[in-house]
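Biologist: I would like to go through this model with you, one residue at a time. Shall we begin with the terms we need?

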Amino acid sequence: MKITSIRPWLIKSDASYWGEFLFVEVTTDEGVSGWGEITTTTRLANRALCTILRQIGVAVTGEDPARIEHLWHKIFRSFTYMGSRGAAVECVSAIDIALWDIRGKVLGKPIYELLGGPVRDEIALYTHPNQAKFTSKEAVVREILDIVESGHTALKFDPFPHQGHSADGLPREQRDGYLDGSMTRKDEREAAELTALIRETAGPDVDVLIDAHGRFDVPTAIRLCRSLEEAGQIDWFEEPCPPESLSALKQVREKVSAAISWGERGHTKWDFVPVLENRLADYIMPDITWTGGITEFKKISALCEAYYIPVSPHDAAGPINVVAGAQVMMTVPNFYRLETSEWNLGKYDHLIDRPLDVSNGSLKLTQRPGLGIEMDRDYLQAHEIELA
């Protein structure tokens, strides 16, 4: 069996927070294809990745898709001098996931059976409320109760309003990105009030997780975390500062009580080593479509196991992101929960051949080979975004 192409599929979809998904198909000369995903957070990044993926396809055409480790290193090392993190490793991630999908299909086994076999029967989830519905206290309560009543025992949200003068309907921070990392006292109080309401509604048996999205400088992150510790007895504080400085993360960690979660913008095992060695996080949350795919995620999980640090896969994208992370977590002892963007994942149904079963707050994988899902090619073709 030989690889014949690497095919990016950039798809317009209302199921994506950003309005589009980026899937990747690896095809072979024996008619077996595998699926991966990248889906970044900007239109610019998605389009740049499509260009890189096409060039990688030229480089790996004719290769044996079963040589997954070999291909991981061949692609990764091709970017050494321009920087092997970011775009390079995200392309590796998508291709790696697709290669594992092919391998599972060829052998007639789900991927988790190829990674050592399952250590659990299903994958516990944490999920997000739809904050667009937070139009009143009553609406917040209803949204949180929907999550709790669905069987989920953990939820995550970002309570912090975007900062800066609004123009064209968007605050400066949302429009232009990180600048000074500050937060007004008024917005801090509103965040604390919202967190207190959510904690009261969810009750003491539900984990309440806070996502700071790497938006704050050191003193602001410390102040905000302490405020939410008091207001909502939060169970983790995620990405308090931009990911470029581990020194900033260390300063925050030394001054707060809440558990720190980090890792969605960590690329490869090498980014996680200093975090683990310096005890900078209580939870590690890589994104399987950004950090190196199934091959690398399994290795990162093993590193974390040596430090008794739980792993909790990040997911903010499409169904492959969810299922690929779950395949690995089926085999990982030190697993916390897998993230989903909503408690009801019916929004993916039009993209895949069968719905994902997330009843009672957990994902149930099947015995189907590979990833266990197939993409709806007709839908993809009908909604593909044509690139120049």
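Modeller: A residue counts as exposed when its relative accessible area is over 50%, and as buried when that area is under 20%. Please note also that this is a predicted model.

Biologist: Then is Asn-360 buried or exposed?

Modeller: Asn-360 is exposed, because its relative accessibility is 62% and the cut-off is over 50%.

Biologist: Where is Asn-360 placed, and what is its phi?

Modeller: Asn-360 sits in the loop between β12 (338-339) and β13 (362-363). Its phi is positive, near 60°, although the residue is not glycine.

Biologist: What about Glu-239: buried or exposed?

Modeller: Glu-239 is buried, since its relative accessible area is 1%, where the limit is under 20%. Glu-239 too has a positive phi, about 45°, and is not a glycine. Its place is the loop between β9 (236-238) and α9 (246-255).

Biologist: Changing topic, which residues does Glu-339 contact beyond its sequence neighbours?

Modeller: Outside the four places on either side in sequence, Glu-339 contacts Tyr-126, His-128, Lys-156, Pro-313, His-314 and Asp-315. With His-128, the side chain of Glu-339 makes a polar contact of 2.5 Å. Glu-339 belongs to strand β12 and is buried at 2% relative accessibility.

Biologist: And how far is Glu-339 from Leu-125?

Modeller: Their C-alpha atoms are 5.7 Å apart, while 214 residues separate Glu-339 and Leu-125 in sequence.

Biologist: Finally, which annotation covers residues 137-259?

Modeller: An unreviewed UniProt entry annotates residues 137-259 as "domain: Mandelate racemase/muconate lactonizing enzyme C-terminal". In the model, that span is 50% helix and 13% strand, with its end C-alpha atoms 27 Å apart.

Key. Residues numbered from 1 in each chain as written. Predicted model: local features only at pLDDT ≥ 70, side-chain atom pairs only at ≥ 80, totals over all residues. Heavy atoms only, no water. Helix = DSSP H or I, 4+ residues; strand = E, 2+ residues; numbered from the N terminus. Buried < 20%, exposed > 50% of the residue type's maximum accessible area, 1.4 Å probe, protein only. UniProt positions renumbered as here; feature names shortened; annotations may be inferred. Contact = heavy atoms within 4.5 Å. Polar contact = N/O pair within 3.5 Å; in protein donor to acceptor, adjacent residues only side chain to side chain.
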